[in-house]
Amino acid sequence: MTDAAHSQAAVAAAAPGPLPLRRSLALSFVEKYALLLLALAGSMVLGRLLTPAETGVYSVAAVLAGLAQVLRDFGVGQYLVQEKDLTPAKLRAALCVSVGSAWTLGLLVLLAAPPLAAFYQAQQLRPVLQLLALNFLMVPFTSLTVSMLRRQMRFASILLVNAAAACVQLACSVWLAWRGWGSLSLACGAAAGSAAALLASVALRPAGLPWLPHWRGAGTVLRYGGYAAGGGLIDQAGVAAPDLIVGKLIGVAGAGIYGKAQSVINLFNQAITSAVSPVAFSLYAAQARAGQDARAAYLKTISCMTALAWPFFAGLGLMAQPVVRLLYGDQWDATVPLIQVISLGAALYSMFSMARYLFLAGGHVREQARLDAMSVAVRIAAVLLAAPFGLDYVAWGLLAGALGRSWFTWRCLARLSGLALGPQCAAVARSAVLAGLSSLAPLAARMALPSGPFQLLAAGAGGLLLWVAGVLWLEHELAAELRRMQGLLAGHRWRFWKVN
């Protein structure tokens, strides 16, 4: 193929597709909800097949490998989404950086497995880490394809890649756990899922993507990726630190309890944040490449995010025990007080969770790395001080870390984007009223009904009805979307009755 043909193919691969924003969000939500349902089903089964100690071993291993995963593509994914002039040479350089960093880190994880197992006094940690190291061989090729699909906002293709990985991982993990493989079942499932994602990404890769890497131009990618990967590593260290600290100071069983509490908290991230963030980043980046101001889109985003997050975390705090027993069984009741405290911090930070993507889309990758460093330092210090006193104090340490991170993010928004606290508070004011209104149902259910599935059903159904009524009454940003959905459903019903 000639250079001109290569350039045309690269431009076609880099150009955003015609997908409307609503359809992109819908596909992203379909993907995340499908993955969430699979993960919930797997958690409910695996929570009954594996002990807290077996789960804790994998939690520690996954956290350790996750720290390396942040560096595996060295910020290549973010670079590809925000780069204005993407050429075939830059694509090959991006692949070179991604493969070089991922394979090096995979080797380091493999070599570090024996000393880490000795440090945590858990020999089962060694084979789990060695299995997780296999993922680093496959991930670079998958991530390059997914990043380009995200740049094009081709979320249907991303859905297929991630769904293939999730289904294979779940099936493998559950089958091996049932056969008595313990923590190894989860590691084998992760490796099988990575292989499935690689095969699916090969079938869906955009035209013009290179198969072979080249070092020429890698310096440009490294300069951007150094700050992006550094910030991501620091941020991941803040996520990982509580697991590692709890695993060392309290024990792997404590790490398993803490990990289960976090898995309940992360339901919102899996269902909402992880669906909105890739679309928001693509939108902010497209506006930045076109020289437009993304602040209005950002304020609308946080208004919608808090309208979902604040009622969710309020209801979760009130209904923590029946939720945990439904998902995992009563052997995990120790997670309930942790969930109730950590929910407060998660609700607060949801107001600022999209700021990262606004900064990265605007080219403020260095400032985002500094923000991550300050936030993580506060989080780690708080957890280190709290861990000797027990898991309940760790939860309060995490709340202190969330307060610090929210403060630092607000200051960066004011300095980098010119967003004062006033407009941000105005954007989320109706969300606060909405959270209070929708919380009345779980509060009433908790006071009037015994703990159990019926109490949870009454709280969820009543909270949802009050939330919908509140959105319409307050004329929230989401009201137009609810009315649009109502119109679509009414149209479908009318067509059904005409046909029948």
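Start by selecting residues 128-146: this span is 95% helix and 0% strand, and its end C-alpha atoms sit 26 Å apart. Bear in mind that you're looking at a predicted model.

Next, pick out helix H6 (residues 125-133) and helix H7 (residues 135-151); their axes come within 6 Å and cross at roughly 30°. Angles under 35 degrees count as roughly parallel, so that's what H6 is relative to H7. To see where they touch, show side chains for Leu 131, Leu 132 and Ala 133 in H6, which meet Asn 135, Phe 136 and Leu 137 in H7. By class, that contact has 5 nonpolar residues, 1 polar and no charged ones.

Time for some rings. The model has 5 aromatic pairs. Zoom to Phe 389 and Tyr 393, a tilted pair at 5.7 Å centre to centre with 50° between the planes. Phe 389 counts as exposed at 61% relative accessibility, while Tyr 393 is partly exposed at 49%.

Then go to Trp 407 and Trp 410: ring centres 5.1 Å apart and planes at 55°, so this pair is tilted. Both lie in helix H17 (residues 391-417), 3 residues apart, or about one turn of the helix. Trp 407 is partly exposed, at 46% relative accessibility.

Last stop: select Phe 268, Phe 312 and Phe 313, which ring pairs link into a cluster.

Notes: Residues numbered from 1 in each chain as written. Predicted model: local features only at pLDDT ≥ 70, side-chain atom pairs only at ≥ 80, totals over all residues. Heavy atoms only, no water. Axes fitted to C-alpha atoms, helices over the stretch in contact; angles between N-to-C directions. Helix = DSSP H or I, 4+ residues; strand = E, 2+ residues; numbered from the N terminus. Parallel < 35°, antiparallel > 145°, perpendicular 65-115°, else oblique. Contact = heavy atoms within 4.5 Å. Nonpolar A, V, L, I, M, F, W, Y, C, P; charged D, E, K, R; others polar. Phe/Tyr/Trp six-rings, centres within 6.5 Å; stacked < 30°, edge-to-face > 60°. Buried < 20%, exposed > 50% of the residue type's maximum accessible area, 1.4 Å probe, protein only.
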